[in-house]
Amino acid sequence: MGPANKSHTFPDTFLLMGIPGLEHLHVWIGIPFCSMYVVAVVGNVTILVVVRAERSLHEPMFLFLCMLSITDLVLSTSTLPHMLCLFWLGAHDIAFDACLTQMFFIHSFTAMESGFFLAMAIDRYVAICDPLRHTTILTHARIAKMGASVVLRGVVFFSPHPILLRQLPYCKTRIIAHTYCEFMAVVKLACVDTGATKRYSLSVASVIGSCDGFFIAVSYVLILRAVFRLPSREASFKALGTCGSHVCVILVFYSTAVFTFLTHRFGHNVAPQIHIFIANMYLLVPPFLNPIVYGIRTKKIRDHVLSSLKVKVT
């Protein structure tokens, strides 16, 4: 009874289904996903190398950008390699402990991504609205404390996820109707009442997301108000272009995350293909877009990369 009951309660592996109903397109879906992942890895690694090599870039904006790049690398790497193995090699199996580990990285680093977006919005607010005190307000010590707070928040609030799921018995199917180990997709496989576990997860996600989103919105409203007061029209357009691209990336991240959150709570009539596809977007698109928007469109980083390429070519 012991071994049989244990294997019945705690499965050795789960089976990831992928995108239900689109199994025949998995190979083709994997191609753009892989392309986005390659761009995300190359772009974010380039930002980290450039900022580390160029001391003039050791400013608040670029230090926060490095934190965001590390978060993007962990977030995308925790899901994409296994997802591509699923799409291209039919590797549906994922070990129980590996599933819980992947879940922890996905949810904790998603919270960190949100926190670093907020930190960068605060940096832009101080830089535009109080430029003379920018370096004195955002010192390296304060930047380190802000970064550590964001990381600690993600770890503390989402460490209970794998711990809670490890306590649950799993006597239903081992099949997860998803491309990765999402919390809500896994908790549905438990054969006991999981209302309290679901409420904890939804509460934490909603509080963190809504608080970060609110303060980001306030920051950019104040930034836009300051931009429209600039005497130079050229400076206003330049600042608007920069802020606009930043806001677009943030909107993509929050809109897809909110859609996934609301679908779990209310969207029982949403087709699973749409839900899972959107859930992949908020893990794929921001790591893909962030190096382009915050890196390539930033003159200092772009100039340093181009000068390095010229040196190598010559």
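Biologist: Is Asp-97 buried, partly exposed or exposed in this model?
Modeller: The model is predicted, and its relative accessible areas are computed. Buried means under 20% and exposed means over 50%. Asp-97 has a relative accessible area of 43%, so by these cut-offs Asp-97 is partly exposed.

Biologist: Which residue forms a salt bridge with Asp-97?
Modeller: The rule asks for a side-chain nitrogen of Lys or Arg within 4 Å of a carboxyl oxygen of Asp or Glu. For Asp-97 the closest N and O atoms of the pair are 2.6 Å apart. The partner in this salt bridge is Arg-166.

Biologist: How many residues apart are Asp-97 and Arg-166, which link distant parts of the chain?
Modeller: Asp-97 forms a salt bridge with Arg-166. Asp-97 lies in helix 5, and Arg-166 lies in helix 8, residues 160-166. Arg-166 counts as partly exposed, at 38% relative accessibility.

Biologist: How many salt bridges does the rule give?
Modeller: The pair of Asp-97 and Arg-166 meets the rule, and so does the pair of Asp-123 and Arg-124, with closest N and O atoms 3.0 Å apart. By this rule the count comes to four.

Biologist: Is Asp-123 buried or exposed?
Modeller: The cut-off for buried is under 20% relative accessible area. Arg-124, the salt-bridge partner of Asp-123, is buried with a value of 16%. Asp-123 has a relative accessibility of 1%, so Asp-123 counts as buried.

Biologist: Which helix holds Arg-153, the salt-bridge partner of Asp-212?
Modeller: The closest N and O atoms of Asp-212 and Arg-153 are 2.8 Å apart. This pair links distant parts of the chain, 59 residues apart. Asp-212 lies in helix 10, residues 195-228, and counts as buried at 2% relative accessibility. Arg-153 lies in helix 7, residues 140-158.

Biologist: What volume does the largest cavity have?
Modeller: Rolling a probe the size of a water molecule over the atoms shows where empty space is left. A search of the whole structure finds one cavity of 30 Å³ or more. The space in the largest cavity is about 60 Å³.

Biologist: Which helix gives the largest share of the lining of the largest cavity?
Modeller: The lining includes Phe-117, Met-120, Asp-123, His-246 and Tyr-294. Helix 5 (96-129) and helix 11 (233-265) each supply at least two lining residues. The largest share is five residues, and it comes from helix 5.

Biologist: Which helix gives the most to the nonpolar patch on the surface?
Modeller: The patch is formed by Leu-25, Val-27, Trp-28, Ile-31, Trp-88 and Leu-89, with about 640 Å² of accessible area together. Helix 2 (26-53) and helix 4 (80-89) each supply at least two of its residues. With three residues, the helix that gives the most is helix 2.

Biologist: How far apart are the end C-alpha atoms of residues 25-50?
Modeller: UniProt, in an unreviewed entry, lists residues 25-50 and 103-122 among the spans for "transmembrane region". Residues 103-122 are 100% helix and 0% strand, with end C-alpha atoms 29 Å apart. Residues 25-50 are 96% helix and 0% strand, and their end C-alpha atoms are 38 Å apart.

Note on methods. Residues are numbered from 1 along each chain as its sequence is written. This is a predicted model: local features need pLDDT of at least 70, side-chain atom pairs count only at pLDDT 80 or more; totals for chains, interfaces and linings use all residues. Side-chain values use heavy atoms; hydrogens and water are left out. Patches are made of residues with over 30% relative accessible area and no salt bridge: like charges are joined within 9 Å, nonpolar side chains (Val, Leu, Ile, Met, Phe, Trp, Tyr) within 5 Å. Accessible areas come from the Shrake-Rupley method with a 1.4 Å probe; for residues, only the protein chains shown count as cover. Helices (H or I, at least four residues) and strands (E, at least two) are DSSP runs, numbered from the N terminus. UniProt positions are given in the numbering used here, feature names are shortened, and annotations may be inferred rather than shown by experiment. On a 1 Å grid over the protein atoms alone, a cavity is a set of points where a 1.4 Å probe fits but cannot get out, and a pocket is an open set with protein on both sides within 12 Å along at least five of seven lines; lining residues have an atom within 4 Å of a point. Grid points are joined across faces, edges and corners, and a volume is the space filled by probe spheres set on the points. Buried means under 20% relative accessible area, exposed over 50%, partly exposed in between (1.4 Å probe, protein chains only).
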